There are 6 protein chains.
Amino acid sequence: MATLGLLDDASAGPDALAVFDDIRAVRGNDYVNNFWRALAHDPALLEAIWSRLKQVMAPGALDPLVKEMVYVAVSVANGCEYCIHSHTAAAKAKGMTEAQHAELLAVIGMASQTNALATALGVEVDARFKV
Amino acid sequence: MATLGLLDDASAGPDALAVFDDIRAVRGNDYVNNFWRALAHDPALLEAIWSRLKQVMAPGALDPLVKEMVYVAVSVANGCEYCIHSHTAAAKAKGMTEAQHAELLAVIGMASQTNALATALGVEVDARFKV
Amino acid sequence: MATLGLLDDASAGPDALAVFDDIRAVRGNDYVNNFWRALAHDPALLEAIWSRLKQVMAPGALDPLVKEMVYVAVSVANGCEYCIHSHTAAAKAKGMTEAQHAELLAVIGMASQTNALATALGVEVDARFKV
Amino acid sequence: MATLGLLDDASAGPDALAVFDDIRAVRGNDYVNNFWRALAHDPALLEAIWSRLKQVMAPGALDPLVKEMVYVAVSVANGCEYCIHSHTAAAKAKGMTEAQHAELLAVIGMASQTNALATALGVEVDARFKV
Amino acid sequence: MATLGLLDDASAGPDALAVFDDIRAVRGNDYVNNFWRALAHDPALLEAIWSRLKQVMAPGALDPLVKEMVYVAVSVANGCEYCIHSHTAAAKAKGMTEAQHAELLAVIGMASQTNALATALGVEVDARFKV
Amino acid sequence: MATLGLLDDASAGPDALAVFDDIRAVRGNDYVNNFWRALAHDPALLEAIWSRLKQVMAPGALDPLVKEMVYVAVSVANGCEYCIHSHTAAAKAKGMTEAQHAELLAVIGMASQTNALATALGVEVDARFKV
């Protein structure tokens, strides 16, 4: 269903291949998922996205698992089926339990509902919530 | 800018007032924010949303602060200005540091970008990401 | 906050003015709301949108009030503050009661929640729901 | 394509099964659709969503068919393929005619267009549309 | 996966067929794509959409290729898989090069990211950007 | 209405100030708009976004004006009021005429409408549109 198709290692140029190799090294396994193989048609974009993602998702003030759950939440609200699947899998790989997944889903559902209600009601932001 | 207006304590009916009181009790302060005062036009909806929210946002397998950050993430992706402000304030009240806020924003931005790219490319979900 | 500004009757060209007059005639009152005054910078677009809207919102197999409520629902999900306000007002003008408004909001909130959950879960469409 | 998979009656726990049975009783047929079977991994969430949905979609100030059409409209704007299919089917089951379906689609399309235009133009809400 | 199914030439009524023929004539080839075959269940809607699309996408102050790229951008942000595919194909047919496609994707990704950040930060519009 | 507030030159740290200076140099004027002043609370994010934006929006296979119009289109579909205003202003600064603006709006409106219709109809992607 792709608009550009996926590049395997043999068809990817050297710049794209270098990114694939870094993905493998960082993740400690051999699999390069379809998103990167689709982006590889434009090695400059591939490199820019991957190097930024590595930085953003690295451990910091927030735990990598928390970051993955935030990523899933954004992906659900944006309706990105691919990203929901890949980041739900990533969250599980980083230790998300079934109970955590269930609560994540409940919060996403709840937020989506009150987002719609606040928008429908045109609620004005409370002065105390503004900086 | 509201489509229904806000009800103060004097104008709210007894059922709405009971919810206002519970909001005050649970939060340990006197302030009832505008969202609830707009919802109060329909006390049944007010009660249903509040009682569910209380449950969903309570401590559980996920920390309440993590839940607030997920809530902010969904609200940003849904473009709900009110919810972004109220839940950013709630996250700060629950201890979100500036560094955590900054990383939250970076993840939201990154996810929004790759959501768009994966969607634009029509990337097929990898078999290993499906259950 | 507009990107183009609003044209009053004096600044609107003859083609835009003709549309303004038709809006007044169809609605039976003198007020031309801001949306049309912003669109009037491009009289061809103004005319195309207005003439199509007139047709689509006319009584037919669905009641005009039902159409207004559907319009509000779409506008909420798309986060269009202007449209939420103008079509909520239009629905009230067409007889939407407070009780109907409350139920409309409850359905919009509920749908937004289950939309997010079905998307997050990646639920496959049941064979019987497909044509 | 699910992130959690579907539970049949044999794999669902007793709490989930009780909800399945109530779904069957309320609808007067034996079929439990995939959404509920995916939610069944978290019986508490399943129960909360189902019991609320039952209430919200029940006859009231708005006709159940009107509610289903509003549900479809929100689902389209949110891009939820599953919900579009299941609630379009539900609307047909509740008597939506082809002519009503056609008008529903026309209103959804029109609203989406003017939502985008009002947003692009940054049209300010008319004073008379505010409460 | 359709909610209405596709009409081939034999099943389409005379009004729908007339639109199909105009689509063929305008495009100079025999293929009528699925979108029009699904819309054909409501010949009036089909005709309204097609005749407006023809006008909007015609050469004017903007090049048809630029219009197609804008169309793709909107479709990505709205998450319309069908439209992304059909308008990416249309853009290629109108001469979009691989380099142009790559830059289009990069801009869409970048805009999606800064959209989310500006929304998350609640940035107030600069006075100089308002008309 | 900001969640973080805006930093003027005096309050910005040296890293943020360096980015402000580069923004001024690249644009050839003294004004630093609010988006960058809000981002400046996190100089690393500010730097990452600005340096990437500079690259993505530079002249290339696509004209900078075309890129700005694509940026506006995405921002409208995502409902980012700030971005719509700032990039509409940027497009005008790069030479967008009134006629081009009008056509841009018409395409955005049209795309939003057919996006909704294709989604509502669940139209399957034509085999010939897939790679």
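Me: What does the domain assignment give for chain A?
Reply: Two entries: domain 1 covers 1–58 and domain 2 covers 60–123. Keep in mind that this is a predicted model.

Me: How many residues does each domain put into the contact?
Reply: Domain 1 of chain A gives seven residues, and domain 2 of chain A gives six.

Me: And how far apart are the C-alpha centres of the two domains?
Reply: They lie 24 Å apart.

Me: OK, buried area. How much is there between domain 1 and domain 2 of chain A?
Reply: About 560 Å². Carbon and sulfur atoms give 59% of that.

Me: Which three residues supply more than any other three on the domain 1 side?
Reply: A:Leu53, A:Met57 and A:Ala58. Together they supply 71% of the area that domain 1 of chain A buries against domain 2 of chain A.

Me: Which helices each supply at least two residues of the domain 1 side?
Reply: Helix 2 (34–39) and helix 3 (43–57) of chain A.

Me: Where does the largest share come from?
Reply: Helix 3 of chain A, with three residues on the side of domain 1 that touches domain 2.

Me: Last one. What's the makeup of that side by class?
Reply: Five nonpolar residues and two polar ones. The side of domain 1 of chain A that touches domain 2 has no charged residues.

Conventions
Residues are numbered from 1 along each chain as its sequence is written. Chains are lettered from A and ligands numbered from 1 in the order in which they are written. This is a predicted model: local features need pLDDT of at least 70, side-chain atom pairs count only at pLDDT 80 or more; totals for chains, interfaces and linings use all residues. Side-chain values use heavy atoms; hydrogens and water are left out. Domain bounds come from an automatic or database domain assignment. Contact means heavy atoms within 4.5 Å. Buried area is the accessible area (1.4 Å probe) that two parts lose on being put together, summed over both. Helices (H or I, at least four residues) and strands (E, at least two) are DSSP runs, numbered from the N terminus. Ala, Val, Leu, Ile, Met, Phe, Trp, Tyr, Cys and Pro count as nonpolar, Asp, Glu, Lys and Arg as charged, and the others, Gly among them, as polar.
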